[in-house]
Amino acid sequence: MDVKKAAKDWNVSARWVRDRCKDGMILEAEKKVKWFIPDDAEKPPCTFKRMCKYLHLIRDVSNGLDVNLFPGKNKENCFLIYRYLSDYGYITKLNEQISENSIKKARLTSYGEKTLEKHDIVVFSVKEVEEKIQVGNEKIGGVSHNSKRKA
């Protein structure tokens, strides 16, 4: 199916579907001229950024840190995200009956580690750009494009 059909079937925007394809979250998706998504592909439960947040939580727990594994308001949605991470090989396999204890025992796979490395590079790049903008603003007297203009 194409992006528009997936968007309609999943009740999301076409841009959301394209972004998940670009992020690699719809693993079966292929880009030829346009994105092609198999009819049986599942809708990812979250964005790439949120997925990386959960991967960081798994890494923190495996490093012995005491973290809140359920940062969302809806615990069931958190379970869906952890199930997705397990099913698609980002973390080690979880039991059929997913629980907080099974999540605490989960570890990042090499695929999950590589995904976080990609995310951290993206985050670093954004920070680097923000620093350059700050330096640029200082050079022109601290005026930024966000300051109010005189009417």
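Trainee: Which residues gather in a patch of positive charge on the surface?
Mentor: This is a predicted model, in which local features need pLDDT of at least 70 and side-chain atom pairs count only at pLDDT 80 or more, while totals for chains, interfaces and linings use all residues. Residues are numbered from 1 along each chain as its sequence is written, and side-chain values use heavy atoms, with hydrogens and water left out. A patch of charge joins like charges within 9 Å, from residues with over 30% relative accessible area and no salt bridge. The residues in the positive patch are Lys 4, Arg 18, Lys 22, Lys 31 and Lys 34.

Trainee: Is Lys 4 buried or exposed?
Mentor: Lys 4 is found in helix α1, residues 3-10; a helix here is a DSSP run of H or I with at least four residues, and a strand is a run of E with at least two. Buried means under 20% relative accessible area, exposed over 50%, and partly exposed in between, with a 1.4 Å probe and protein chains only. Because its relative accessibility is 66%, Lys 4 counts as exposed.

Trainee: What is the relative accessibility of Ala 6?
Mentor: Ala 6 also lies in helix α1. Ala 6 counts as buried, because its relative accessibility is 0%.

Trainee: Which residues does Ala 6 touch, not counting residues up to four places away in sequence?
Mentor: A contact requires heavy atoms within 4.5 Å. With residues up to four places away in sequence not counted, Ala 6 touches Met 1, Val 17 and Ile 37.

Trainee: How many salt bridges does a search of the whole structure find?
Mentor: Side chains of opposite charge can pair when their charged atoms come close. The criterion for a salt bridge is a side-chain nitrogen of Lys or Arg within 4 Å of a carboxyl oxygen of Asp or Glu. Applied to the whole structure, the search finds 6.

Trainee: What is the N to O distance in the salt bridge of Asp 19 and Arg 15?
Mentor: Both residues lie in helix α2 (residues 14-23), 4 residues apart, about one turn of the helix. Asp 19 is partly exposed at 25% relative accessible area, whereas Arg 15 is exposed at 59%. Their side chains meet with an N to O distance of 3.8 Å.

Trainee: With which residue does Arg 59 form a salt bridge?
Mentor: The closest N and O atoms of this pair are 3.0 Å apart. Arg 59 lies in helix α3 (residues 48-62) and its partner, Glu 113, in helix α6 (residues 110-139), so the pair ties together parts that are 54 residues apart in sequence. Arg 59 is partly exposed at 22% relative accessibility, and Glu 113 is partly exposed at 31%. The partner of Arg 59 is Glu 113.

Trainee: Where do Lys 104 and Glu 100 lie?
Mentor: The side chains of Lys 104 and Glu 100 meet in a salt bridge at 3.9 Å, N to O. Lys 104 is partly exposed at 40% relative accessible area, and Glu 100 is partly exposed at 35%. Separated by 4 residues, about one helical turn, the two lie in helix α5, residues 100-105.

Trainee: What share of the residues in the protein chain is buried?
Mentor: The secondary structure of the chain comes to 6 helices and 2 strands, running α-α-β-β-α-α-α-α from the N terminus. Of the 151 residues in the protein chain, the buried share is 32%.

How values were computed
Patch = residues over 30% accessible without salt bridge, like charges linked within 9 Å, V, L, I, M, F, W, Y side chains within 5 Å. Areas by Shrake-Rupley, 256 points an atom, 1.4 Å probe, with all protein chains shown as cover. Lys, Arg positive; Asp, Glu negative; His and termini not counted. Charge placed at Lys NZ, Arg CZ, Asp CG, Glu CD.
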